[in-house]
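Please look over the sequence and the structure before reading on. The report that follows is written for someone new to them.

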There are 2 protein chains.
Amino acid sequence: MILIQQITTLVRDADRVEHGVDLLINGNRIVRIGRVEPVEISPETTVISGKGRIVAPGFINAHTHLYQSLLKGRRDDVPLVSWCEQVTFPFVRAVLDRLWKSGDAEIGYLWSMLGAIEMIKSGITAFIDMDMNLPGVPQAWCDIGIRGIAAMSLVDQWVPNDFITAPEKLREDTLKLIEDWNQKPDEDPLVQVFLGPSAPFTCSEGLLSWILEQAERYDLGIQTHVSETSWEVEHSLETVGKTPLAYLDSIEFLSRPLLAVHGVHLTDEEIELAAERRTTVVYNPKSNMKLGSGIAPIVKMRRAGVEVALGTDGTASNDLLDPFEEMRVGVLLQKVAGEDPTALSAREIFRSATAVGARACRIDAGTIDVGKLADLIVIDPSEAHMFNLGGEVIPALVYCAKGSDVKTVIINGRVVMRDRTITTVDERAILREAKKVGETYG
Amino acid sequence: MILIQQITTLVRDADRVEHGVDLLINGNRIVRIGRVEPVEISPETTVISGKGRIVAPGFINAHTHLYQSLLKGRRDDVPLVSWCEQVTFPFVRAVLDRLWKSGDAEIGYLWSMLGAIEMIKSGITAFIDMDMNLPGVPQAWCDIGIRGIAAMSLVDQWVPNDFITAPEKLREDTLKLIEDWNQKPDEDPLVQVFLGPSAPFTCSEGLLSWILEQAERYDLGIQTHVSETSWEVEHSLETVGKTPLAYLDSIEFLSRPLLAVHGVHLTDEEIELAAERRTTVVYNPKSNMKLGSGIAPIVKMRRAGVEVALGTDGTASNDLLDPFEEMRVGVLLQKVAGEDPTALSAREIFRSATAVGARACRIDAGTIDVGKLADLIVIDPSEAHMFNLGGEVIPALVYCAKGSDVKTVIINGRVVMRDRTITTVDERAILREAKKVGETYG
């Protein structure tokens, strides 16, 4: 059991804030919010003081690429396609080359750990990682204790030939990942498998159909990049005669609730389509800015009833896995885009980063309620940058809080960070090892 | 003397990076960069290890309003004029009312301290504060040891009548501020006085002429808000028949090098004018985004040869005094504005936040060179979010570093923060007092 006592401010969700309550966790679930009497708890209960603290749902990062933890701070001046060619492709090539030649997969465990450490230290408790299929990647999440979704990246066209796995091997690998890692939801697994067709233009129609069949068969979520750049939209019109989301709909790919990443250049018709098909758009404001991709029409999407989750994207195009900064920039960008300070509220983006993200990721968390998974964070608002006289807590979290204010993180009923120290793995040793091994990849 | 030994990465400016050097400070100046022998230092020398650290120039925040340290996290959904009416004006009214009735000025000292603490803890070593003229405001900077410029806010029209001081009193107060606080540059003062006409539309032509005269007489810098919103441009065309900067030029107000804050809606002609008149524009990207004011044409300005400094603006419209986040957002916003990832580089914004800001603020710092003022910061890049394999240091600082990575801050040759503890004042006591006193202002 974990008891958080006398919580000064409990943010149950964007609209419900309580003060001066206790919160009790048993196993991996929240079992009580209110007053907890000493007799109710076992002697082994971990007691955490909530005095002067804000307790909130952990953040959901609905899109990232953890392998880019090894590519931080590289190139800030090239468009998406050249950036792929100069920054990500050479690294991917080196990883796959070594994996295929010698089976060496340690690097995957290390980048996955690096990303997990950064996310926990900024208050992220669950995420979707569209990544290469190295067995160490989800293993790291189990070891550190973060909730992760492996959305295995699937491609069979457009990318360099040496990245393309033979069709049977791709299918075999995908089925093996599902078998190894997709645990039953009623077991509250830390790891889920989603299918991650990289983008409509990098997958043949045959591959997309096969993906949809597997998603149906194993009841899996699907995430894909859609309409990130205007180039992609033109390319789609030229090759399949339709805009990307319209094309996906035409081949029945929206029959399951898709997570459409970016959606920067969705047309008005596609926004209506996303609302009808219950497609969730994942907004990655900082990445879209850095790559000069454009400003996603989030205000239009919300008006049309499209659900919007929040993602950081990978750290080669962001370069942080920080939900506070991502929320801030996400709101600010919508306000300036329409020169309208009322365009998107702090409350709305907080909902995207918690409850909406959790629903899209099929995780029973994102709000603090009895019966929900115990995925939550304890924030210390006592530094000068959080000084708040009579302000509301949600705007304070969105506009003033920093990752470094997160002191304690609980995921699946386990304390994974306490007073800013990761409790489950040796953070320094991992950083040293990642540097050593990373450097051998050039 | 202060010796920083074996600095792993010394960022002298945006273009010069050295490794493995020592840095020696004597009095308030940098006296040696290179190898310092033990015999050269006195026994009382403070020795700081630079191993594994990045040492860089302290950041210059070229525009803020520290009184807003008491207004963080309030309202996120109103345009500039309503925001003034609902957020800042009531507070200003309460402060002035109490000041004029009972001479109570403690609140100024407290907000000034709150802002200074937040800035030091994020790596800012100097700033311009356009603020109310309360004597405690610059006193706080002397006590904590930060370099500050009091740009006394001057208005005589447009704002509510009860904010307007009688003309003689305004002049008298201004001259008293100059007499009390404007120290001679050759004494390396911590405090300078600038004149801060709030905006062209809030000052009569008579007041602006008087301000220019005083600036000439005492050799003072001038900072004013210019073309923050499209409303202001229309209002200017209606009232004086010219756009704001063109109007200022027509009354000779650009004859001294002005710091023009915002410049979001400068016309192409005004950008040429700014270049000719050596007007420095202060870019405040986050504030312009939050208030929905627009995107400043920084790329055009740079092409025309206009110098651009960086500011956070006040914490009611930002709501952080964080140079790392401001640099990041400033670059990202320019990249997305033109859908061009090459629009503005990390190097360029770093220069704005250091060397360009220092020059505009008439401070002999902003780069790390022998003879310069010892205003510098020591950064710990060892957390996972700064993990950097073979990347360059400037992009890593701009895209990955956080305020919390700044461990030690030296201003004017004095260690004001060491290992994240402010050494000069009792931070906790100030926060408690600010809360207590702040709450009496409603």
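## The model

This is a predicted model, in which local features need pLDDT of at least 70 and side-chain atom pairs count only at pLDDT 80 or more, while totals for chains, interfaces and linings use all residues. Residues are numbered from 1 along each chain as its sequence is written, and chains are lettered from A and ligands numbered from 1 in the order in which they are written.

## Two copies

Two copies of a chain are related by a rotation about an axis and a shift along it. Here, chain A is superposed on chain B by a rotation of 180° with 0.0 Å of shift along the axis, at an RMSD of 0.0 Å (least squares on the C-alpha atoms of residues with pLDDT of at least 70 in both copies). The two copies are therefore related as by a two-fold rotation axis. Among the residues of chain A, Ser404(A) comes closest to that axis, with its C-alpha at 3.3 Å.

## The contact between the chains

Chain A gives 53 residues to the contact and chain B gives 53 residues (two residues are in contact if their C-beta atoms, placed from the backbone, lie within 7 Å). On the side of chain A that touches chain B, α11(A) supplies the largest share, 6 residues (helices are DSSP runs of H or I with at least four residues, strands runs of E with at least two, numbered from the N terminus).

This side of chain A has 24 nonpolar, 13 polar and 16 charged residues. Ala, Val, Leu, Ile, Met, Phe, Trp, Tyr, Cys and Pro count as nonpolar, Asp, Glu, Lys and Arg as charged, and the others, Gly among them, as polar. Both copies use the same surface, as 100% of the contact residues of chain A recur in chain B.

## A sheet in chain A

An open sheet of 7 strands in chain A runs in the order β3-β2-β7-β16-β17-β18-β19, with mixed pairing (strands pair if DSSP finds at least two bridges between them). β3 (16-18) and β19 (421-422) of chain A are at the edges with a single partner strand each, so one side of each has no neighbour in the sheet.

Within chain A, β2 (residues 9-13) and β7 (residues 54-57) pair in the parallel sense over 2 bridges. Thr9(A) has Ile54(A) as its bridge partner in β7(A).

## A helix pair in chain A

Glu106(A), Ile107(A), Leu110(A), Met113(A), Leu114(A) and Ile117(A) of α2(A) meet Glu427(A), Ile430(A), Glu433(A), Ala434(A) and Val437(A) of α14(A). The residues of this contact are 8 nonpolar, no polar and 3 charged.
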